[in-house]
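The following paragraphs go from the whole chain to a single residue. Keep the sequence and the model in view while reading.

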Amino acid sequence: MACPYCASELMPTPPAFTWWGGVIGAKLLHHAICPACRRGYNERTGRPNTRAIAVYMVVTATLIGGLMWLLYRG
């Protein structure tokens, strides 16, 4: 699939680490980065991952906050 932003035919690379998803977030969302324009998108659909990243961050923050509340209550 060509890059949806610049139409480059270069093979996209999956990031090893992202600020928003760490090591596993990008793998869960099938995030890929175009080597030509350096923009990220969903490798399977070709659409931006912006909404999915926001949902991932909210769910992760909620889970961590709930876990911290359970550990420190009392």
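**Overall layout**

The protein chain has two helices and two strands, where helices (H or I, at least four residues) and strands (E, at least two) are DSSP runs numbered from the N terminus. Their pattern along the sequence is α-β-β-α. This is a predicted model, in which local features need pLDDT of at least 70, side-chain atom pairs count only at pLDDT 80 or more, and totals for chains, interfaces and linings use all residues. Residues are numbered from 1 along each chain as its sequence is written, and side-chain values use heavy atoms, leaving out hydrogens and water.

The C-alpha trace of the protein chain spans about 55 × 20 × 15 Å along its principal axes. The radius of gyration of the protein chain is 16 Å, whereas a compact globule of 74 residues would have one near 11 Å; the value is taken over C-alpha atoms, and the globule rule is 2.2 Å times the number of residues to the power 0.38. Of the 74 residues, 28% count as buried, meaning under 20% relative accessible area with a 1.4 Å probe, protein chains only.

N42 is found in strand β2, which covers residues 40-42. Is N42 buried or exposed (over 50% relative accessible area)? N42 is buried, with a relative accessible area of 13%. Leaving aside residues up to four places away in sequence, N42 touches L29, H30, R47 and N49, a contact being heavy atoms within 4.5 Å. Towards L29, the side chain of N42 reaches the backbone oxygen at 3.3 Å. The C-alpha atoms of N42 and L71, 29 residues apart along the chain, are separated by 36 Å.

Key
Polar contact = N/O pair within 3.5 Å; in protein donor to acceptor, adjacent residues only side chain to side chain.
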